[in-house]
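Please load the model in a viewer and keep the selection panel at hand.

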Amino acid sequence: PAGMVRSQSAKLGAMSEENVETVRDIYAQWARGNMRAGVELFDPEIVFESFMPDANDWVVAHGPEEVEAFMREFLAQWAGYRLIGEEFRDAATKVFVGGRQTARGRQSGAEVELPIFSVWTFRADKVVGLRFTPSREEALNAAGLEE
């Protein structure tokens with residue numbers, strides 16, 4: 001059994017590195033404006049959470065259809081919305097991403113650039129949890145990481 005634990009641990013380590021690369025690739029596409037990238041990885045039971053500063057509240061969507069409906073409504077407010085990942089950290093079944101979001105208000109024309117952090121939770125090769133927050137500390141805690 002000790003050998004089995006080691007091989008499972010090695011397998012998990014390889015999978016988590018793969019997850020980091022997967023998330024890095026999705027962010028590269030998001031940085032180019034392809035906000036549909038990655039949706040094929042969403043598990044049917046995905047839980048998506050995002051802080052909405054304008055409402056000072058959390059949005060929680062369950063399943064790919066609710067996530068897509070939320071994103072469609074959210075993106076309709078912005079022109080040139082981009083998510084740029086700058087820091088990617090492996091946390092076993094989770095991936096922490098630190099970065100920024102940029103956009104221009106469709107109505108106001110105001111340019112916006114704000115920090116954003118995300119935690120991706122994987123089960124096998126599917127994303128079962130995705131949380132966006134403006135708080136680095138909160139995201140690190142959610143990923144089980146320290147500064």
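Select helix α2, residues 63-75. The expected span is 1.5 Å times one less than the number of residues; helices (H or I, at least four residues) and strands (E, at least two) are DSSP runs, numbered from the N terminus.

This is a predicted model, in which local features need pLDDT of at least 70 and side-chain atom pairs count only at pLDDT 80 or more, whereas totals for chains, interfaces and linings use all residues. Residues are numbered from 1 along each chain as its sequence is written, and side-chain values use heavy atoms, with hydrogens and water left out.

Within α2, highlight Gly63, Val67, Phe70, Met71 and Phe74, which are buried (under 20% relative accessible area; exposed is over 50%, partly exposed in between, with a 1.4 Å probe and protein chains only). Viewed down the helix axis, the buried residues of α2 fall within an arc of 105 degrees, so they line one face; the arc is taken from the directions from the axis to the C-beta atoms. On the face turned away from that buried side, select the exposed Glu65, Arg72 and Glu73. The cover over the buried residues of α2 includes β1 (42-52), β2 (57-62) and β3 (78-91).

Next, display the sheet. Its 6 strands form an open sheet with mixed pairing, in the order β2-β1-β6-β5-β4-β3 (two strands pair if DSSP finds at least two bridges between them). The edge strands, β2 and β3, each pair on one side only. Select β3 with β4 (residues 94-105): the two run antiparallel and are joined by 11 bridges. Arg89 has Phe96 in β4 as its bridge partner.

Which residues touch the most other members of the largest nonpolar core? Of its 30 residues, they are Tyr27, Trp30 and Trp120. Such a core is a set of buried Ala, Val, Leu, Ile, Met, Phe, Trp, Tyr and Cys residues joined through side-chain atoms within 4.5 Å. The largest share of this core, 5 residues, comes from α1. Apart from this core lies another, of 8 residues, among them Phe96, Val119, Ala143 and Leu145.

Key:
Contact means heavy atoms within 4.5 Å.
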